[in-house]
Amino acid sequence: MPRFLKLIINIVILGTLLLISVQVWAQDWRPVRGGIPFGIGGIALIQQQSNTLDFLIVHDNKQKNQGRLAIISIKGKNQPEYFPLNWPSNIELPIDLEALTSVPEKTKSSFIAISSSGKAYYIRLEPAKKTILVLKEFNLPGIIQGNNFEAFGLQNLDGKLVAIWGHRGEGEQPATIFWGVFDLAKYQITLTGSANLKVPFPSGNVRHISDIKVDPVGIVYITSASDAGDDGPFQSAVYIAGYLGLRDQKITWRQNPQLVPFYRSYYHKIEGIELVPGAEGGVVVGTDDENLGSYVYIVGGTS
């Protein structure tokens, strides 16, 4: 067989194998919606049933005719169903929502959304009616000029409701993690500490923190992301950043001195993270892939 013909056959076989591998890889990531207005800035679990996971998501939109919130429902191995939510007409539309967390309570229907400027919205969701009520607007404490917030989380730790949030940083500028105690009755967060953080991956125009969540024992998870424009390429990683705890009734922070990415992507810009317990759960991430829309992926879950 001529060498040229052998080369052509090898190229065809290699191309077929690559196509199969791309298709298998693509099945792991589930598309939500296409286009810039549907990027996921933050994600929070609403409920998990036997074969279904329902999430509330926020979009970082700025125009009046663009959505701010939506519910996505993942049933088994099916693609996510998307249900847009209307923002209440009596409340001014938020600009650039970038983070979302559930409020730890039994009803699982209260959430806090954060804009990049540090404005917070305390939200009550009625999933059956697919409507929301904005209970309160307030600001994060200690905001300084240049802050750009993309991360917010809440957790009950030893009887205290602890808030943790992050200024994203960019490139050589580190991110800043803030923490404090949240008084729900007063809708007020008391800032008690902060620390700078830089991740080893991605590099370049990286946003060192694109989202943050803390689990019930105080382990803090973050995502990091970078992009070269509205069409990518994108890179992302998920890290365990450190530990929040209480000592003498004061919040303490122990930062991981050697950050290890336990998941990374060379194709998506992860801007939302949620922790879902149980056999069907995992670390759930959502993306804002600009012109390419949004995707969700369950790290360590069943695909």
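View 1. Because Trp-165 belongs to strand S11 (residues 160-167) and Phe-178 to strand S12 (residues 175-183), the pair ties together parts that are 13 residues apart in sequence; strands are DSSP runs of E with at least two residues, numbered from the N terminus. Trp-165 and Phe-178 are both buried, where buried means under 20% relative accessible area, exposed over 50%, and partly exposed in between (1.4 Å probe, protein chains only). Together with Phe-149 and Phe-152, Trp-165 and Phe-178 form one aromatic cluster.

Residues are numbered from 1 along each chain as its sequence is written, and side-chain values use heavy atoms, with hydrogens and water left out. Because the model is predicted, local features need pLDDT of at least 70 and side-chain atom pairs count only at pLDDT 80 or more, whereas totals for chains, interfaces and linings use all residues.

**View 2. Charged side chains over aromatic rings.** The charged end of Lys-130 sits over the ring of Phe-83, 4.6 Å from the ring centre, under the criterion that NZ of Lys or CZ of Arg is within 6 Å of the ring centre and within 35 degrees of the ring normal. Arg-264 lies over the face of Phe-201, at 4.5 Å from the ring centre. The peptide bond that leads from Phe-201 to Pro-202 is cis, with omega near -5°, and Pro-202 is placed in the loop between strand S13 (188-197) and strand S14 (207-214).

**View 3. The open sheet S2-S3-S4-S5.** Four strands, in the order S2-S3-S4-S5, form an open sheet with antiparallel pairing, two strands being paired if DSSP finds at least two bridges between them. Strand S2 (42-48) and strand S5 (81-85) stand at the edges with a single partner strand each, so one side of each is left without a neighbour in the sheet. Strand S4 (residues 69-75) is joined to S5 by five bridges, and Ala-70 stands opposite Pro-84 in S5.

**View 4. The open sheet S6-S7-S8-S9.** A further open sheet of four strands, also with antiparallel pairing, has the order S6-S7-S8-S9. Strand S6 (97-102) and strand S9 (131-139) are the edge strands, each pairing on one side only. Eight bridges link strand S8 (residues 119-126) to S9 in the antiparallel sense, with Ala-120 opposite Phe-138 in S9.

**View 5. The S16-S17 hairpin and its turn.** Strand S16 (residues 234-247) and strand S17 (residues 250-255) pair in the antiparallel sense over six bridges, and Gly-242 stands opposite Gln-255 in S17. S16 and S17 form a hairpin with two residues between them, and Asp-248 in the turn has a positive phi of about 55°. Asp-248 is exposed, with a relative accessible area of 69%. In the loop between strand S15 (219-227) and S16 lies Pro-233, which is joined to Gly-232 by a cis peptide bond with omega of about 0°.

Note on methods: Phe/Tyr/Trp six-rings, centres within 6.5 Å; stacked < 30°, edge-to-face > 60°.
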